[in-house]
Amino acid sequence: MAGGTVSLPQLVDWLSRFSGLVTENRTYLTELDSAIGDADHGANMARGMTAVMEKIGATPVAAVDELFKSVGMTLVTSVGGASGPLYGTFFLRFGTTAGAVTELDGAALGAALRAGLDGVVARGKAEVGDKTMLDAMAPALDAFDAEVASGADATAASSAASSAAAMGRDATEPLVARKGRASYLGERSAGHLDPGAASTAYLFEALSEALA
Amino acid sequence: MIGIVVVSHSPALASAAVDLALQMVAGEKPAIAIAAGAGEGVTGTDATKVAAAIDEVAGPDGVLVMMDLGSAVMSAEMALDFRASNAEVKLSSAPFVEGLLAAIVTAAGGASLDDVDREANAALVPKQGMLGSSEPGSTSEAPQVEAPHVEAEQTEELTILNPDGLHARPAATLVSALAGFDAKVTIANRRTAGKPVAGKSLIGLLSLGAKAGDVVTVAASGPQAAEALEKVRELVTSGFGEMGDEVSPFPDLRAQP
């Protein structure tokens, strides 16, 4: 990674890999969602990220903020479920914080990801432990920040974030859902992974792969 | 008149709910815009559609947004970041079908955004009363439908003639009829001995639980008290135009001839 920065093509590669992961695993995500939700998370995310990749392919962008505004708005209009406004807000805030630049260093990437997380919290009003995507995203960001603070570059930080997101996802299994459609199930939501946390783990897996 | 935005996962659900509510409105209707579904035939919601719907009906009196569930709420909140108009917008926490009915009828009567929002929020009170989960005529969950205390200048006792009682359609007719009068009208059900409710409140009227044969006490004050009372008498004694017709609990749901 030249000069320890993340380039615009690498960010596009992140999105492409995320699209690939949710599309390959759409059936798995929908199975998770059929256990505790409305059985559409895989289809929604695959459709949304496919629309994102089509949009990016059709209208190349020159800066990070422009790229993620396009990504966020495309998700908002194409996903349908709560993941639309949630991932949409994540990417919109990511872009706004990153700004009109063409590359990000580790700290700037961390700040943009953190802004995205803050956006998800503001939009969904969930807390860690509510059995939502936040349960993968919050530990991922904590791991990312800790790596950067200890002098690691974006690649190492993303790798740590990916591992933490996967652990956070796995830790949602025993939780009782307190937000979203799954919360209607109460205690019966325990014993299943949260589909939003699962797709968020793919988001950080994709980032780690794109920066490897 | 305020504008109303209807947000639903399903275009079919939204348009059916709006149709159901509009059957209660005889005269001028509020501006209503539906934002339902996402993408091409996708069940879900889209914040940009909600924003466009808000802008479509935005006016000086404000906009009330009614939502079904889940992402509808999140999309409506996000739409507030996207909309171009700067009209006052409130997101209603009312139940979708009952709240929409209350909102549309109340808005059609020219009520303010705050009043329509309060009326919609109280929309479950009549159903709770009917099912015994709260005392009929009691307005403890919804003090807003309770009539403000006014010194009644004129009162009259009238017997409800409609076989189905003061149900949604006649109640909506009464709300619309009273909207034009500069008068405060309250109505109480003597049988239940509940508190008087505002005559301009659909939810208040429905919460009376007034059945055929019940005697209601109508009190009116204000500059047009006499005219308002006369209008109420005319409507109640004529069975709100339902008498002599084939009687059904939901007469408006039949195909119109």
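In this predicted model, four residue pairs are in polar contact between chain A and chain B, with both residues of each pair at pLDDT 80 or more. Which elements of chain A give two or more residues to the side that touches chain B? They are α4 (64–78), α5 and α6 (106–124) of chain A. Of the elements, α5(A) gives the most, with five residues. The side of chain A that touches chain B divides into eight nonpolar, six polar and four charged residues.

**Interface figures**

| Item | Value |
|---|---|
| Residues from chain A in the contact | 18 residues |
| Residues from chain B in the contact | 17 residues |
| Area buried between chain A and chain B | about 1,300 Å² |
| Part of that area from carbon and sulfur atoms | 62% |
| Salt bridges between chain A and chain B | two salt bridges |

On the chain A side, Thr77(A), Gly80(A) and Arg123(A) lose the most area to chain B. Together they account for 37% of what that side buries.

**Salt bridges**

Over all chains, the count comes to 18 salt bridges. Between chain A and chain B the count is two. Lys125(A) and Glu77(B) meet through their side chains in a salt bridge, at 2.9 Å from N to O. This pair crosses between chains. Lys125(A) sits in the loop between α6 and α7 (134–149) of chain A. Glu77(B) lies in helix α3 (residues 71–82) of chain B.

**A helix pair within chain A**

Helix α1 (residues 8–24) of chain A packs with helix α5 (residues 83–98) of chain A. The angle is about 170°, and the axes are 14 Å apart. Why is α1(A) roughly antiparallel to α5(A)? Angles over 145 degrees count as roughly antiparallel, so the angle of about 170° puts the pair in that class.

From α1(A), the contact is made by Leu11(A), Trp14(A), Leu15(A) and Phe18(A). From α5(A), Tyr87(A), Phe90(A), Phe91(A) and Phe94(A) take part. The residues of this contact divide into eight nonpolar, no polar and no charged.

Conventions:
Residues are numbered from 1 along each chain as its sequence is written. Chains are lettered from A and ligands numbered from 1 in the order in which they are written. This is a predicted model: local features need pLDDT of at least 70, side-chain atom pairs count only at pLDDT 80 or more; totals for chains, interfaces and linings use all residues. Side-chain values use heavy atoms; hydrogens and water are left out. Axes are lines fitted to C-alpha atoms, for helices over the stretch in contact, and angles run from 0 to 180 degrees between N-to-C directions. Helices (H or I, at least four residues) and strands (E, at least two) are DSSP runs, numbered from the N terminus. Angles under 35 degrees count as roughly parallel, over 145 as roughly antiparallel, 65 to 115 as roughly perpendicular and the rest as oblique. Contact means heavy atoms within 4.5 Å. Ala, Val, Leu, Ile, Met, Phe, Trp, Tyr, Cys and Pro count as nonpolar, Asp, Glu, Lys and Arg as charged, and the others, Gly among them, as polar. Buried area is the accessible area (1.4 Å probe) that two parts lose on being put together, summed over both. A salt bridge is a side-chain nitrogen of Lys or Arg within 4 Å of a carboxyl oxygen of Asp or Glu. A polar contact is a pair of N or O atoms within 3.5 Å; within protein, one must be able to donate a hydrogen and the other to accept it, and residues adjacent in sequence count only if both atoms are side-chain atoms.
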